[in-house]
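Reader: I would like to go through this model with you, one question at a time. Shall we start by looking at it together?

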Protein chains: 2
Amino acid sequence: MTARLSRRGLLGGGVAAAGLAGAGVAGAYAAGGLSGVTGGPDGPTGSGAVAERYPFRGAHQSGIVTPAQDRLHFAAFDVTTDDRDALVALLTTWTAAAERMTAGGPAGPVGPVEGAADLPPDDTGEAIGLPAGGLTLTFGFGPSLFRDADGRDRFGLAERRPASLRDLPPFPGDELVAARSGGDLCVQACAQDPQVAVHAIRNLARAGFGTVAVRWSQLGFGRTSSTTAGQDTPRNLFGFKDGTANVLAEETRAVDDHVWVGADDDPAAGWLAGGSYLVARRIAMNIETWDRQTLAEQEAVVGRSKGTGAPLSGGDEHTPIDFAMPGSDDQPIVARDAHVRVVHPDHHGGARMLRRGYNFVDGTTDLGALDAGLFFLAFVRDPLTDFVPVQRAMSRSDAMMEYLQVTGSALFAVPPGVAEGEQHVGQALFA
Amino acid sequence: MTARLSRRGLLGGGVAAAGLAGAGVAGAYAAGGLSGVTGGPDGPTGSGAVAERYPFRGAHQSGIVTPAQDRLHFAAFDVTTDDRDALVALLTTWTAAAERMTAGGPAGPVGPVEGAADLPPDDTGEAIGLPAGGLTLTFGFGPSLFRDADGRDRFGLAERRPASLRDLPPFPGDELVAARSGGDLCVQACAQDPQVAVHAIRNLARAGFGTVAVRWSQLGFGRTSSTTAGQDTPRNLFGFKDGTANVLAEETRAVDDHVWVGADDDPAAGWLAGGSYLVARRIAMNIETWDRQTLAEQEAVVGRSKGTGAPLSGGDEHTPIDFAMPGSDDQPIVARDAHVRVVHPDHHGGARMLRRGYNFVDGTTDLGALDAGLFFLAFVRDPLTDFVPVQRAMSRSDAMMEYLQVTGSALFAVPPGVAEGEQHVGQALFA
């Protein structure tokens, strides 16, 4: 270990790497610290621990089955040009920047302070000295990239639009804000250190100046899902464990069935094979109202114990739910409108999602309450089968809806990973 | 170590405690994990490391000279009643809750799930299983608590208002938003884990329902100041090291001179002795404009090297600045309008502050840019001598102002710590 090793490398990645993953490996970038497993006060334990680095290239994009990192910065962009070449050039720039930053390097090839003094630096500098921090950058294409709100096919992509990539239908209870919804492109940045995630989004936005503008962005301070078997189940702002029944990376069959788009799923969109769809929903929680409910009422709404996360039908967090078990009043103990019943895969033909959401607080409402909630992110093989029916049922009959408003919504097609030798993410779409 | 030990305790506090602070001590609360020093990917190194717990009672409030934690949730409140007894009752409730939460316990005496099922829990639950996380809660009183905007002395406190506790004067370049400014009360929550800080503010707001409403709140994702000699100097969103010349806890003379209110400072406000003043300023940064400047221009604006933080007059980060050293053009090498010159204590009669600010990103501006900046927090013995002249000089002649807008501003008197046996923070004010 050298004096250049960052504090994160020394106390976090370094210690964990020594303990869990053997000796550290010298990084490709001086700022990168040790390669290895990241742990520490914000880091998870167990076999699902977040690694210090994830490769950017591969069959699938990182940031999906990757162990859910603790912090999020998500941005949706409008493309402000009609020039297809400019769009491709941006995706090429973004791909190179993402490959560098996820390896712990700067956004540009030169770096924040190494270049000529009479040029703007090609990296903004706030991540100097910080290691990769488990950063993943996951790119997606919105329906409007293929045909915009005026019906225009700006980039010659309309014929290759996946059939399932269309604006989500309106759901009862949606209170969508246009400025928090949609987008031609998206980037999900997840990392253990929020400064690393913010730095990545900021530098991608900067690289896109003149080609894209940020349509909306969302910080998430705490993950609400586990995506691997080794991660603790975190809690949402209702105080309940969330994501207990999530699709986990280790469930390779379920991942293939419910996350990755298959080669034959959509004849018009072979380019999406190995990719996924990303549903983003900004769910504001009426936490003040929720907090005035009794513990029994809260547990009845969710269908689980608040403390252990066990279903009200008994057992522990991961015990299958007995929906038929009677309660004390001739009703089932897991109520008919309990969240876990309404959204359960058994009631939707086995539909499942890989959720990857985050808690957020965005200041204050006009009513003197915290503007807080869950930024819901889910990756699915097909939103029309794995998400829409579940959301429709939830909107219609889930007791939890009384405490929620969905204020933002977006859907993106997430192309497969960038293969070795490819110039940019989504290259097959533009081929 | 037991299975109940949290992931933070195991990989962060646990390892660091073993390495730096000896064997862990069983916590007062089961959820508290190990007592000890917190480190890890989000944690600082060195002698200034953030501890797992800070005592709530003492001569001064915690969260001032305490090593700056990595995450912030700050809230300002309006008191919505004219009932002095209700205000005192709230402060009593807040004090008890703060003492519990900073020790790793729940907000209320019962806890999130241990109480009767037919009552609302007295803690909201999202921090179940999380340790104290270095949480500090620091309370302040705004000018309007003593006399409101209509001139009313609602709580019989007007005669005890400190002479320096008045709305800050307008500064050139301020673009203040009323909904982000002022407040009768404030709470600064700092912790290593943002979920711990958010949980604390949320539960204090909840406890105040009917007595206070949240006027504004601000999350900060990354600290921009060190407050002890052992902490690394972090970077702000301009990419520069920030807080290099901060008042540090180890500078006991400077802390006495510039942070703590003296017993004889203000005859009307003896209750504030041992306390401080807290200046809060929400400083939006034009990061897009900044990022288009050359490295030389950025460094000229700041007066320091972007990489090392050394002054342009040479040396390393902590080398004193030579303001007379000539540059290449008959101007001093540290320009006349360089930030470090304009705000330097030597040019303000030795005025210094203990800064404790945080980087923020609050979504997106109407112009498609990130709404990002620095939430400036500074503790001073007297804002009229330690802050106002510096801010005035900065507003008038600091080159950095071209890249800043101050969109929120507030001043609070921060009472001394709660002594053993006292019922609530600020008790001497109400005595």
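Reader: How many salt bridges does the rule find across the interface of chain B and chain A?

Author: Happy to begin there. This is a predicted model, in which local features need pLDDT of at least 70, side-chain atom pairs count only at pLDDT 80 or more, and totals for chains, interfaces and linings use all residues. Residues are numbered from 1 along each chain as its sequence is written, chains are lettered from A and ligands numbered from 1 in written order, and side-chain values use heavy atoms, leaving out hydrogens and water. With a salt bridge taken as a side-chain nitrogen of Lys or Arg within 4 Å of a carboxyl oxygen of Asp or Glu, the number found across the interface of chain B and chain A is two.

Reader: Which side chain meets Arg202(A) in a salt bridge?

Author: The N to O distance of this pair is 3.0 Å. The partner of Arg202(A) is Asp291(B).

Reader: What area do chain B and chain A bury between them?

Author: The contact (heavy atoms within 4.5 Å) takes 71 residues from chain B and 72 residues from chain A. Buried area is the accessible area, with a 1.4 Å probe, that two parts lose on being put together, summed over both. Carbon and sulfur atoms carry 62% of the total, which is about 5700 Å².

Reader: How are the two copies related?

Author: Superposing by least squares on the C-alpha atoms of residues with pLDDT of at least 70 in both, chain B can be laid on chain A with an RMSD of 0.0 Å, by a turn of 180° and a shift of 0.0 Å along the axis. The two copies are therefore related as by a two-fold rotation axis.

Reader: How many residues has the largest nonpolar core?

Author: Such a core is a set of buried Ala, Val, Leu, Ile, Met, Phe, Trp, Tyr and Cys residues joined through side-chain atoms within 4.5 Å; buried means under 20% relative accessible area, exposed over 50%, and partly exposed in between (1.4 Å probe, protein chains only). Those with the most contacts inside the largest core include Leu137(A) and Leu137(B). Leaving aside neighbours within four places in sequence, Leu137(B) touches Phe56(B) and Met101(B), among others. The residue count of the largest core is 160.

Reader: Is Asp330(A) buried or exposed?

Author: Asp330(A) has a positive phi of about 70° although it is not a glycine. Its place is in the loop between helix 7 (295-302) and helix 8 (339-342) of chain A, helices being DSSP runs of H or I, at least four residues, numbered from the N terminus. At 75% relative accessibility, Asp330(A) counts as exposed.

How values were computed:
Helix = DSSP H or I, 4+ residues; strand = E, 2+ residues; numbered from the N terminus.
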